[in-house]
Amino acid sequence: MGPVLAGVLQLTALIGALALAHVPLGTYMAKVYSADRHWRIEKWIYRCVGADPDTQMRWPAYLRGVLAFSAVSVLFLYVLQRLQGMLPLSLGFKAIDPDQAFNTAVSFVTNTNWQSYYGEQAMGHVVQTAGLAVQNFVSAAVGMAVAVALVRGFARSRTGELGNFWADMVRGVTRVLLPGAFAAAIVLVACGVIQNFSGIHEVGQFMGGSQQWNGGAVASQEAVKELGTNGGGYFNANSAHPFENPTPFTNLFEIFLLLVIPFSLTRTFGVMVGSVRQGYAILATMAALWVGFVALMMWTEFAHHGPALQLAGGAMEGKEVRFGVGSSSIFAVSTTLTSTGAVDSFHSSFTGLGGGITLLGMMLGEIAPGGTGSGLYGMLVMAIIAVFIAGLMVGRTPEYLGRKIGTREIKLAACYILVTPALVLVFTAAAMALPTPAHSMTNSGAHGFSEILYAYTSAANNNGSAFAGLNADTHWFNTTLGLAMVLGRFLPMVFVLALAGSLAEQRPVPVTAGTLRTEKPLFTGLLVGAILIITGLTYFPALALGPLAEGLAS
Amino acid sequence: MNNSFVNTARLLGAGLRALLVLTVLTGVLYPLAVTGVAQAFFPTKANGSQIKADGKVVGSSLIGQQGYGLDYFQPRLANGLGENSVNKQYALILSGATNRSADNPQLVKWVQEAKARVVKDNSTADYKVRPSQVPADAVTSSGSGLDPDISRAYAEIQVRRVAERNGLAVAQVEKLVEEHTSGRTLGFIGEPRVNVLELNIAVRELVART
């Protein structure tokens, strides 16, 4: 069997596994967020928090919960890193510098997991396990909570009530992420991912002498890193490191983990709005983009254009032998079309066009299938834009799921889709115009520009992967990328929750002969088109200067 | 006092309590539970899949090593591997890739040099390696810098050199490569590969026996 066929079969197996998993998991999550009863441990948590989980919140209250919890999280994680030198179980590692600690705290709370530090030499057991890994759970749970609030906006009418933030966030952790991550972590350990607290220890070598290894709670972090679409590696090499991703099977399993919740949430959506076919239309849109991007990536990576790759006879720079080109291509697309940002191979050394595909994946807004929660709400906002465009074409007030998309709704949706492009383009332009940021580049020419464009695209879209030649541990990059992450995470959430509140207040409009049927393939086609056209118009000039210039030159 | 200030403080207090209790759950109990299960049922794997030769630990089957002499099979390049720049009381290995782009002149040079070296090192008196035989993994750096494997093709072109330098028959070394080649998982997942450390341990044992 050739590597291309093996790659296609791996993609097919992944599609099969996701198809099998998304119905039970999606239906289960719908039950989780609709259940009246609380688990005993949850009641105990609510008592500690001092919140009544049965109080319904309107959108401003829900948003205040999101922002308060996230603000406290940033502060806590910042202080933890600044105090590392004094904490036990920190291997004697020093405190993290203020700018890097700010960047890292923001990065993990916003579900980005951009890393300007090297895990091996910077973060001890306590910061990794009780700081960073905790945010891997709760930042994902916050994203899911906001998505569920938007879904309730469509499902409810004449109320304005969106549920309870504390209940939604806690249930996301206790009923979805924690059991899922525990099971996944055991599978990963069984395949060779390490899980110990042996700190830094000496291990003998074949040619004599010894080398120093980092021990750590890697499997437990790796599992939730993928399942919660986080992506921050325990080690610098992330999921290319054999202790994070030891075998071809773990590689495919990790890709499955990072896709399974975002894809399954379309089912949750369908069940909660009372029409699983609406969920299928969203699922089909996500799946079409994801499969299309994987196909393009495999095509360009197997063709290995570019002087160094042509000379080498294959696109193996920055890739591991056990994964090869096919499996690495699937991982690269899946991690950039979700908000994960974990890598099993290094995007900077992909072909020019391959690097461009990873960039474009993030620029779509990470909605195919996107991050845990953020993918679904991002895609639903795009669906509103698509019905609006369709409404303009036929001269009718647009409707989606029985809700009128009026001035207020379309304004909020438009604000949502303007946030990340504004952040990416303004910060990239500023970094290019200033004299010093360019000193951080490893590569020159078009690819050097791509390194900076990639950094801001990754930060503003909360992805976290990098064209990692860029030395991002500078005051400028730690600060501006940190700002891009905060604004790129929470401004869209403000617009989504306001939109949800506005939708939940409406009285439903009846379906008539003139209603655009949003559960039909025609709408899926329209939605895919709208996404590609809007992203293309926004980013084409930037892409032309970077990856397209590089890719077409070779 | 201002009412909204009190409300904000109350909300932030709730957020902090929620974070602390979830930290205990997901940041303490969860990793300890996973560690408990891992150490009870998969102790070797949870501690890094170390392998021994002659009773001594010589590394991990998962972590590639550098610095093998030409008597042994050579691993992939690791031009992206680094040394620690902070907390220098340790000598840590920083995993990583070169991050050089496909059109980077330095990467082109690295590939050229590696190709020339692979051809020269592996050509023996009666066996000339052609540049077109050299596979891509032999001249590129891996993603982690710790890739434990090489492709079958890269192992094949090293067989004669290793046999000659150790006074072994080519067929014997060929057989070792065959034994240490793993196919794709279930026939289609990942790529076929040869674990360099395990192969070199086998070479050393064979030399000791003959």
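This is a predicted model: local features need pLDDT of at least 70, side-chain atom pairs count only at pLDDT 80 or more; totals for chains, interfaces and linings use all residues.
Biologist: Is A:G232 buried or exposed?

Modeller: A residue counts as buried if 20 or more other C-beta atoms lie within 10 Å of its own. A:G232 has 27 other C-beta atoms within 10 Å, and therefore it is buried.

Biologist: Leaving out residues up to four places away in sequence, which residues does A:G232 touch, and how far is its C-alpha atom from that of A:Q115?

Modeller: The residues that A:G232 touches, with those up to four places away in sequence left out, are A:F108, A:N113, A:Q115, A:L132, A:K225 and A:G464. Of these, A:Q115 is 117 residues apart from A:G232 along the chain, yet the separation of their C-alpha atoms is 6.9 Å.

Biologist: Which peptide bond is cis, and where does A:P369 lie?

Modeller: Most peptide bonds are trans. The bond from A:A368 to A:P369 is cis, with omega near 5°. As for its place, A:P369 belongs to the loop between α13 (352-363) and α14 (374-394) of chain A.

Biologist: What is the phi of B:L186, and is this residue buried or partly exposed?

Modeller: Most residues other than glycine have a negative phi. B:L186, in the loop between β6 (181-182) and β7 (193-195) of chain B, is not a glycine and has a positive phi of about 55°. Because B:L186 has 13 C-beta neighbours inside 10 Å, it counts as partly exposed.

Biologist: Which residues touch the most other members of the largest nonpolar core, and which helix of chain A gives the most to this core?

Modeller: The largest nonpolar core has 238 residues, and A:V146 and A:V496 touch the most other members. The helix of chain A that gives the most to this core, with 20 residues, is α6 (residues 125-155). Chain B takes part as well, with at least three residues drawn from each of domain 1 (2-43) and domain 2 (49-209).

Biologist: How many residues does each chain bring to the contact between chain A and chain B, and which element of chain B gives the most?

Modeller: The contact takes 103 residues from chain A and 85 residues from chain B. The residues on the side of chain B that touches chain A are 42 nonpolar, 32 polar and 11 charged. On that side the element that gives the most, with 21 residues, is α1(B).

Biologist: What is the mean pLDDT of chain B, and what ipTM does the predictor give the complex?

Modeller: In chain B, 100% of the residues reach a pLDDT of 70 or more, and the mean is 96. For the complex, the predictor gives a pTM of 0.97 and an ipTM of 0.97.

Note on methods
Residues are numbered from 1 along each chain as its sequence is written. Chains are lettered from A and ligands numbered from 1 in the order in which they are written. Two residues are in contact if their C-beta atoms, placed from the backbone, lie within 7 Å. Helices (H or I, at least four residues) and strands (E, at least two) are DSSP runs, numbered from the N terminus. Ala, Val, Leu, Ile, Met, Phe, Trp, Tyr, Cys and Pro count as nonpolar, Asp, Glu, Lys and Arg as charged, and the others, Gly among them, as polar. A nonpolar core is a set of buried Ala, Val, Leu, Ile, Met, Phe, Trp, Tyr and Cys residues joined through C-beta atoms within 7 Å. A residue is buried if 20 or more other C-beta atoms lie within 10 Å of its own, exposed if 12 or fewer, and partly exposed in between; C-beta atoms are placed from the backbone. Domain bounds come from an automatic or database domain assignment. pLDDT is the predictor's confidence in each residue, from 0 to 100.
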